[in-house]
Amino acid sequence: MEDNAAVRLGIIKASMYLGYLVMIGLGLAMAVFDWSDGNASLAILFCVAIFTGNFFGFLGMEKPSKDERARKIGTYAATYSWYITLIAMCFLMIFDIAFGMRLSVARFFGIVLLVMVMSMMVINAYKQYRGDVE
Amino acid sequence: MTDTNAVVKKKEDTYDWYKFSMWIGSIILAINGLGLLIWDNLDDVWAASLLLGLSGFLPYFFTYIGMQKPVKDERARKIGTAASAYSWYVTLCVLCFTGILGYFLHLDIGMARLLGIAILTMIISMLASSVILGRKGDIE
């Protein structure tokens with residue numbers, strides 16, 4: 001029974017890392033090459049499907065993990081990531097106006113996806129590595 | 001004993017002030033989001049009001065969700081971080097579906113409109129889940 005839970009958790013983690021990688025690649029492609037076509041939309045859909053199915057399991061907020069430490073680390077990482085994303089988005093807009101950057105929608109979207117996903121991934125990994133959530 | 005009560009009262013007053021600032025900042029940001037969404041217009045006034053909303057919201061965010069002094073209360077922290085996790089997830093889904101639907105349905109979504117949708121989703125989902133979890137009293 002425990003083996004099954006461990007295998008499921010392993011699959012959830014592997015799927016989430018795959019989702020993170022695809023999302024980072026997608027964000028980079030959109031931010032650098034201003035890429036916005038049907039393929040980009042399908043890649044986004046693919047990532048959303050992965051995140052929708054696995055996010056709360058990955059954070060330890062749902063079965064099969066429901067582990068207090070994973071949950072604390074995951075929710076902390078999401079909190080910092082949320083905060084960083086809000087600041088990044090607002091300053092991106094302020095700089096866009098102040099410096100006349102004229103960012104396209106695809107580029108803006110790519111940068112926001114990159115900031116969201118990378119900050120979440122890096123903070124989660126850092127907190128897990130440090131082993132302490134205070 | 002009186003000194004302790006005075007300290008507790010002062011802490012509560014400070015926390016109330018932080019909460020007030022957070023709510024004002026949130027309201028300004030939500031109005032900004034709505035304005036950007038409706039008028040799809042980026043100019044200096046929007047940038048300045050965005051900065052104003054941020055300055056009310058950002059300095060007290062971690063105190064509001066119980067991660068920093070003067071509160072550092074385990075229940076508030078659990079509720080705040082869980083609410084942020086839900087909000088993060090909702091924001092990612094809403095942004096991605098806006099991009100997907102925008103492409104396939106040929107919707108006219110400019111950068112300002114996308115930013116408006118993102119800010120509205122972030123602020124409303126964060127505050128709503130925080131209030132719901134706080135009312136429910138249980139975060140399991």
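Colleague: At what angle do α3(A) and α4(B) pack, and how far apart are their axes?

Modeller: An axis is a line fitted to C-alpha atoms, for helices over the stretch in contact, and angles run from 0 to 180 degrees between N-to-C directions. The helices themselves are DSSP runs (H or I, at least four residues; strands are E, at least two), numbered from the N terminus. Here α3(A) and α4(B) pack at about 65°, and 8 Å separates their axes. This is a predicted model, in which local features need pLDDT of at least 70 and side-chain atom pairs count only at pLDDT 80 or more, whereas totals for chains, interfaces and linings use all residues. Residues are numbered from 1 along each chain as its sequence is written, with chains lettered from A and ligands numbered from 1 in the order in which they are written.

Colleague: Is the crossing of α3(A) and α4(B) left-handed or right-handed?

Modeller: A crossing is left-handed if the near helix is turned anticlockwise from the far one by less than a right angle, and right-handed if clockwise. For α3(A) and α4(B) the crossing is left-handed.

Colleague: Which residues in α3(A) and α4(B) meet?

Modeller: Two residues are in contact if their C-beta atoms, placed from the backbone, lie within 7 Å. On the α3(A) side these are A:Gly74, A:Thr75, A:Tyr76, A:Ala78, A:Thr79, A:Ser81 and A:Trp82, and they meet B:Gly80, B:Thr81, B:Ala82, B:Ser84, B:Ala85, B:Ser87 and B:Trp88 in α4(B). Sorted by class, this contact has six nonpolar, eight polar and no charged residues. Nonpolar means Ala, Val, Leu, Ile, Met, Phe, Trp, Tyr, Cys and Pro; charged means Asp, Glu, Lys and Arg; the others, Gly among them, are polar.

Colleague: At what angle do helix α2 of chain A and α4(B) pack?

Modeller: Helix α2 of chain A (residues 38-58) and α4(B) pack at about 155°, with axes 9 Å apart. That angle makes α2(A) roughly antiparallel to α4(B); angles over 145 degrees count as roughly antiparallel, those under 35 as roughly parallel, 65 to 115 as roughly perpendicular and the rest as oblique. The crossing of α2(A) and α4(B) is left-handed. Among the residues making the contact are A:Ile44, A:Val48 and A:Phe51 of α2(A), together with B:Leu92, B:Cys96 and B:Ile100 of α4(B). By class, the contact of α2(A) with α4(B) has twelve nonpolar, four polar and no charged residues.

Colleague: How do the axes of helix α3 of chain A and α5(B) cross?

Modeller: The axes of α3(A), residues 68-98, and α5(B) come within 11 Å and cross at roughly 150°. The two helices are therefore roughly antiparallel to each other, and α3(A) passes α5(B) in a left-handed crossing. The contact joins A:Trp82, A:Leu86, A:Met89 and A:Met93 of α3(A) with B:Leu115, B:Ala118 and B:Met122 of α5(B). It has seven nonpolar, no polar and no charged residues.

Colleague: How many residues of chain B are in contact with chain A?

Modeller: 33 residues of chain B contact 34 residues of chain A. On the chain B side, α2 (44-57), α4 (74-104) and α5 (111-136) each supply at least two residues. The largest share, 16 residues, comes from α4(B). By class, the side of chain B that touches chain A has 25 nonpolar, six polar and two charged residues.

Colleague: Which residues in the largest nonpolar core touch the most other members?

Modeller: A nonpolar core is a set of buried Ala, Val, Leu, Ile, Met, Phe, Trp, Tyr and Cys residues joined through C-beta atoms within 7 Å. The largest has 70 residues, and A:Val112, B:Ala85, B:Leu114, B:Leu115 and B:Ala118 touch the most other members. Leaving aside residues up to four places away in sequence, A:Val112 touches A:Thr85, A:Met89, B:Leu95 and B:Ala118.

Colleague: Is A:Met30 buried or exposed?

Modeller: A residue is buried if 20 or more other C-beta atoms, placed from the backbone, lie within 10 Å of its own, exposed if 12 or fewer, and partly exposed in between. A:Met30, in helix α1 of chain A (residues 2-33), is buried because 26 other C-beta atoms lie within 10 Å. By contrast, B:Asp43 lies in the loop between α1 (2-39) and α2 of chain B. B:Asp43 is exposed, because 10 other C-beta atoms are within 10 Å.
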